[in-house]
Amino acid sequence: MSDKTIQDINEKIADGSVAVVTAEEMPGIVAELGAEGAAREVDIVTTGTFGAMCSSGAFLNLGHSDPPIKMQKVWFNDVEAYTGLAAIDAYMGATQLSETRGMEYGGAHVIEDLVAGKSVDIHATAYGTDCYPRKLLDTTVTIDDINQATMFNPRNGYQKYNVATNCSDRTLYTYMGTLLPDCGNATYSAAGVLSPMYNDPTYQTIGMGSRIFLCGAQGYVTGQGTQHDPTNNFATMMVQGDLKQMDKKYVRGATFHGYGTSLYVGIGIPIPILNADIAQATAITDADITTNVLDYGVARRSRPVLRQVNYEELKSGMIDINGKEVTTSPMSSFHDARAIAEELKDWIKRGEFYPTLPVENLPNSGVVFKPMKQMGEQPTVADVMAKRVTTIRQGLTVEDAAKVIMEGNFNHLPVVSDEDKLAGIITAWDIAKAVAKSKQDKVDDIMTREVVTADASEPIDTAARRLEQHNISAMPVVNKHSKVVGIITSDDISKLVGRR
Amino acid sequence: MKFILHATTEITSKPLIAEVVLETGILLNIDRADVKPSGGEVVIDVHQDGYDTVTAAFKKRGATITPLEQPVIKDEDECVNCGACISVCPTGVISFKDDWTVQMEVDKCVQCGACVTMCPHGALKIDK
Ligand code: SF4
Ligand code: SF4
């Protein structure tokens with residue numbers, strides 16, 4: 001059969017004969033008719049996703065005040081926007097936090113409020129020039145009062161994303177939500193079968209100039225997103241659309257407890273079925289899409305991969321991690337992803353939306369997502385820890401411990417077993433308390449058994465954060481056999497930071 | 001049926017719950033206990049038949065009772081049906097329906113607050 005062109009499809013939209021289905025319906029159709037048959041019958045497959053996309057924001061042009069101001073700093077509802085763009089343009093980023101309300105309200109919420117038609121307070125300062133004499137500005141506006149309000153998102157619509165779980169013994173608050181200790185839960189993102197870029201994994205129809213559903217308006221892909229990584233199926237795209245046309249249902253500010261704010265963005269991409277290959281690609285199912293389960297308990301750039309999992313398993317609500325049944329939950333809304341794919345389908349059927357082919361496709365190879373170039377060596381715990389550390393054996397008395405501490409003039413004394421394994425820790429304060437109660441205890445009776453430890457090879461920053469979180473001033477450094485190889489204190493760390 | 005028992009410091013020092021169980025002979029399940037120097041708050045689950053007797057026995061000892069009819073409230077306008085709240089709930093209150101909207105079996109809720117913290121959209125609230 002001869003392939004279709006985008007003009008053929010658009011003519012069918014105009015005369016009302018276009019055949020549109022969602023990416024959820026397509027696997028069944030391809031199974032029944034084969035890819036060739038499906039390509040003959042179906043003209044467009046619609047996709048959808050609705051989830052947190054941190055790398056989002058909006059350009060807002062406020063119009064000139066009288067006398068005019070060249071804003072040097074500007075805040076919308078106490079959330080600062082970037083103003084290094086002429087006089088009265090600002091870029092409001094989704095993850096910028098309110099200076100008065102903190103994580104509860106951020107740039108994402110300002111954008112949501114604007115789309116919802118709410119009024120927003122603006123405060124701006126400037127240094128004053130001959131052409132822009134004004135130094136201070138306070139006003140209140142709604143989206144109708146300002147000129148352009150353009151959503152411009154540098155990195156949206158991740159093709160796929162990792163699943164997050166937490167093998168550590170502490171609850172973590174991340175951009176993947178609350179992660180309970182000991183793999184207490186697992187969270188995932190992306191829409192699976194409806195995921196826009198998974199339905200065209202070589203980006204034959206997606207790229208600069210593709211017209212898309214963006215938050216209820218017609219928007220465009222403007223090119224590859226930042227961190228675009230096609231080799232690992234972590235493709236991303238940059239998108240743009242008119243905030244004034246958007247539907248507040250699909251632009252939602254969010255707060256991830258302990259992390260900050262983000263914007264839930266609704267994106268739907270129509271995939272024109274030009275040939276059998278494209279039809280075949282849209283037949284992908286949840287079972288075909290796999291991703292990695294990562295341990296967010298390790299706060300490093302490369303987190304350990306615990307297993308591979310597919311979206312069918314994830315969506316069942318339970319996955320097996322190291323023999324444990326772990327409850328999963330999505331962070332993005334499949335319900336709304338479906339609503340977006342359906343809405344886009346309706347637009348096309350009603351002749352309100354005409355898909356375009358890109359003027360330049362997203363690159364599907366040759367792009368590498370590089371790690372950051374960092375200057376100098378990152379110091380590790382091994383660089384600052386005290387390597388000569390005094391320990392005390394289990395079974396000895398508090399009095400023995402008191403002597404050791406006094407002789408050594410330090411505060412923390414790790415307690416070790418006969419096999420030299422770390423069993424607990426006592427501080428000078430523990431001893432003082434025991435002595436005050438004049439109890440003739442063994443160290444075992446007064447030691448803290450749940451010891452927070454460090455690893456010699458970990459970066460100083462993660463060790464410092466752990467000290468801070470547990471509100472302690474020292475941690476024994478242990479090797480993989482639980483043997484104490486050093487001790488690191490917050491003093492050691494501050495000295496190092498002072499030097500840096 | 002679940003209720004919250006509020007007790008002041010004067011009575012938290014007494015074995016309040018044990019006394020009530022002994023007196024009424026009705027078994028209670030403690031879903032959640034939060035006892036601070038300023039007083040205590042305990043979520044108690046009791047079979048419907050024993051509810052009146054048990055709450056009366058607590059009131060007699062000076063405690064205040066709040067029935068938990070709607071322990072956790074979801075604001076439908078804010079909820080986007082993401083389901084993030086599902087995996088943090090210790091008692092499996094929240095689940096997806098077939099159409100991927102989120103449903104709650106609130107009678108299983110112990111008011112731990114985990115879902116409230118998790119919800120990115122501020123859609124959940126604990127009723128006090
Ligand atoms: S407060 Fe939320 S997480 Fe806790 S039991 Fe109730 S529904 Fe579950
Ligand atoms: S986490 Fe919040 S927004 Fe998401 S489903 Fe639960 S209540 Fe709704």
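The model is predicted, so local features need pLDDT of at least 70 and side-chain atom pairs count only at pLDDT 80 or more, while totals for chains, interfaces and linings use all residues. Residues are numbered from 1 along each chain as its sequence is written, chains are lettered from A and ligands numbered from 1 in the order in which they are written, and side-chain values use heavy atoms, with hydrogens and water left out. Helices (H or I, at least four residues) and strands (E, at least two) are DSSP runs, numbered from the N terminus.

**Helix packing in chain B**

- Helix α2 (residues 16-24) of chain B packs on helix α3 (residues 51-60) of chain B at an angle of about 130°, and the axes sit 10 Å apart. Axes here are lines fitted to C-alpha atoms, for helices over the stretch in contact, and angles run from 0 to 180 degrees between N-to-C directions.
- That angle makes α2(B) oblique to α3(B). For reference, angles under 35 degrees count as roughly parallel, over 145 as roughly antiparallel, 65 to 115 as roughly perpendicular and the rest as oblique.
- The crossing of α2(B) past α3(B) is right-handed; handedness is left if the near helix is turned anticlockwise from the far one by less than a right angle, and right if clockwise.
- On the α2(B) side, the contact (heavy atoms within 4.5 Å) uses Leu16(B), Ile17(B), Val20(B), Glu23(B) and Thr24(B). The α3(B) side brings Thr53(B), Val54(B), Ala57(B), Phe58(B) and Lys60(B).
- Sorted by class, the residues of this α2(B) and α3(B) contact come out as 6 nonpolar, 2 polar and 2 charged. Ala, Val, Leu, Ile, Met, Phe, Trp, Tyr, Cys and Pro count as nonpolar, Asp, Glu, Lys and Arg as charged, and the others, Gly among them, as polar.

**Helix packing in chain A**

- Helix α8 (residues 398-408) of chain A and helix α9 (residues 428-436) of chain A cross at roughly 135°, with axes that come within 10 Å. So α8(A) is oblique to α9(A).
- This crossing of α8(A) past α9(A) is left-handed.
- Val398(A), Ala401(A), Ala402(A) and Ile405(A) of α8(A) meet Ala428(A), Ile431(A) and Ala434(A) of α9(A). The tally for this contact is 7 nonpolar, no polar and no charged residues.

**Cysteines**

- You'll find 0 disulfides over all chains, where a disulfide is a pair of cysteine sulfur atoms within 2.5 Å.
- Cys82(B) is buried at a relative accessible area of 6%, and Cys115(B) is buried at 10%. Buried means under 20% relative accessible area, exposed over 50%, and partly exposed in between (1.4 Å probe, protein chains only).
- Cys215(A) is in the loop between β18 (211-214) and β19 (217-224) of chain A. Cys215(A) is buried, at 0% relative accessibility, and has a positive phi near 55° despite being a residue other than glycine.

**Other loop residues in chain A**

- Asn233(A), in the loop between β19 and β20 (237-242), also has a positive phi, near 60°. Asn233(A) is partly exposed, with a relative accessible area of 28%.
- Pro67(A) sits in the loop between β4 (57-61) and β5 (73-76), and the peptide bond from Asp66(A) to Pro67(A) is cis, with omega near -10°.
- Ser417(A) belongs to the loop between β30 (412-416) and β31 (422-427) and is buried at 10% relative accessibility. Leaving out residues up to four places away in sequence, Ser417(A) touches Arg393(A), Gln394(A) and Ala423(A).
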